[in-house]
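Hello,

Here is the structure I promised to pass on to you. Please have a look at it first, and then read my notes below.

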Amino acid sequence: MSPQDDLVFSGSFDGTVRLWDLRSNSCQGLLNLPTLERPSVAIDKESVVFGVSCGNYINMYDVRSFDKGPFTTFEIKDADGVFPEICAMKFSNDGQHLCVSTRGEIHYVLDSFGGDIKFRLTGHENNTRVDLVADFTPDSKFVLSGSSDGMVYFWDLENEGTSFCQHMGHEETPRVVAFNPVYTMFASACSNLAFWIADLDSLRLG
């Protein structure tokens, strides 16, 4: 969903992406992609650009002229030849990065302008290859994701994307993690929904 207006994107298993306006019951736009997989869609904070996954490619569109086709395309091919199974994407609030969530045990953080892989986020588990949806913190400095071991992992993008802490809170795999865009809290979900807030008493200045 667009953070600026009532525009909503949906990806379908028939390889289409539809654009909706919450003020209307009718689809406002349609993209047909050459894939039988469900495309993932992400829109930037300014609601100017959106990205759509197609296999291991990401097509970038201008919201105002998406019917003319993508203005650029990124290919995600890891150094060891791995082609990721993309399940979700998210732009950082500062617009500099695009987080690509996968069904494997690597998430990717791309340069949102050139498509280069900036960070490979590893350390978490995905034994059953389910969709694991990661998210940025509002300051764009960290990424969070669930894991098959029931933990939520954090990666520090200002420290080469290293994993620096894990939080146990689920007996099953938390498939989705979403950070509040304003407050210091996030939610994670498996068959149960957990809300997390910072322990401010443990923070010390100096």
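**The largest cavity**

Thr35, Glu37, Arg38, Pro39, Ser53, Cys54, Gly55, Ile86 and Arg103 line the largest cavity. This lining divides into three nonpolar, three polar and three charged residues. The space inside the largest cavity comes to about 60 Å³, and a search of the whole structure finds one cavity of 30 Å³ or more. Please keep in mind that this is a predicted model.

Strand 4 pairs with strand 5 (residues 49–54) over three bridges, in the antiparallel sense. Within this part of the sheet, Ile43 stands opposite Phe50 in strand 5.

**The aromatic rings**

Phe50 also turns up among the aromatic rings. The whole structure holds seven aromatic pairs. One of them is the tilted pair of Phe9 and Phe50, at 4.6 Å centre to centre and 40 degrees between the planes. It links Phe9 in strand 1 (residues 7–11) with Phe50 in strand 5, 41 residues apart. Phe9 is buried at 12% relative accessible area, and Phe50 is buried at 0%. Phe50 and Tyr61 are a stacked pair, because their ring centres are 5.1 Å apart and their planes are at 10 degrees. Tyr61 is buried as well. Ring pairs join Phe9, Phe50, Tyr61 and Phe66 into a cluster.

Note on methods: Residues numbered from 1 in each chain as written. Predicted model: local features only at pLDDT ≥ 70, side-chain atom pairs only at ≥ 80, totals over all residues. Heavy atoms only, no water. Pairing = 2+ DSSP bridges. Helix = DSSP H or I, 4+ residues; strand = E, 2+ residues; numbered from the N terminus. 1 Å grid on protein atoms, 1.4 Å probe; cavity = no way out; pocket = protein on both sides within 12 Å on 5 of 7 lines; lining within 4 Å. Points joined across faces, edges and corners; volume = space filled by probe spheres on them. Nonpolar A, V, L, I, M, F, W, Y, C, P; charged D, E, K, R; others polar. Phe/Tyr/Trp six-rings, centres within 6.5 Å; stacked < 30°, edge-to-face > 60°. Buried < 20%, exposed > 50% of the residue type's maximum accessible area, 1.4 Å probe, protein only.
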